[in-house]
Amino acid sequence: MKSILWFAAGIATGFVVAHQVNQTTQGRQFFSSVDAKAKAFGRAIADGYHEREAELRSAADDLLD
């Protein structure tokens, strides 16, 4: 139970620090950069998923014909 409290305290401290960093111009730039990279990563994962899904559907259609 004690470790859960430390975990929660760490998360809360992280949010407070991130909020303080976001108040600065450099902090906003940093978080914007991280956000852009995370969105690009998510798009790459989604694109790869859809490409592979199309490949598998095509292969399944070939087997059924």
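This is a predicted model: local features need pLDDT of at least 70, side-chain atom pairs count only at pLDDT 80 or more; totals for chains, interfaces and linings use all residues.

Colleague: Where is Val17 found?

Modeller: Val17 is in helix H1. It also belongs to a nonpolar patch on the surface.

Colleague: Which residues form that nonpolar patch?

Modeller: Val17, Val21, Phe30, Phe31 and Val34. Together they have about 400 Å² of accessible area. Two elements each give two or more residues to the patch: helix H1 (2–22) and helix H2 (25–64).

Colleague: Which one gives the most?

Modeller: H2 does, with three residues.

Colleague: New topic. How do the axes of H1 and H2 cross?

Modeller: At roughly 115°, and the axes come within 6 Å. Angles of 65 to 115 degrees count as roughly perpendicular, so that is the word for H1 and H2.

Colleague: And which residues make the contact?

Modeller: From H1, Ala18, Val21 and Asn22. From H2, Gly27, Arg28 and Phe31. Val21 and Phe31 are in the nonpolar patch too.

Colleague: Why give both an angle and a distance?

Modeller: Because two packed helices are described by the angle between their axes and the distance between the axes.

Colleague: Last one, Ala44. Where is its place?

Modeller: Ala44 sits in helix H2. Its relative accessible area is 47%, so Ala44 is partly exposed.

Colleague: How many residues apart are Ala44 and Leu63 in sequence?

Modeller: They are 19 residues apart. In space, Ala44 and Leu63 are 29 Å apart, C-alpha to C-alpha.

Conventions
Residues are numbered from 1 along each chain as its sequence is written. Side-chain values use heavy atoms; hydrogens and water are left out. Patches are made of residues with over 30% relative accessible area and no salt bridge: like charges are joined within 9 Å, nonpolar side chains (Val, Leu, Ile, Met, Phe, Trp, Tyr) within 5 Å. Accessible areas come from the Shrake-Rupley method with a 1.4 Å probe; for residues, only the protein chains shown count as cover. A salt bridge is a side-chain nitrogen of Lys or Arg within 4 Å of a carboxyl oxygen of Asp or Glu. Helices (H or I, at least four residues) and strands (E, at least two) are DSSP runs, numbered from the N terminus. Buried means under 20% relative accessible area, exposed over 50%, partly exposed in between (1.4 Å probe, protein chains only). Axes are lines fitted to C-alpha atoms, for helices over the stretch in contact, and angles run from 0 to 180 degrees between N-to-C directions. Angles under 35 degrees count as roughly parallel, over 145 as roughly antiparallel, 65 to 115 as roughly perpendicular and the rest as oblique. Contact means heavy atoms within 4.5 Å.
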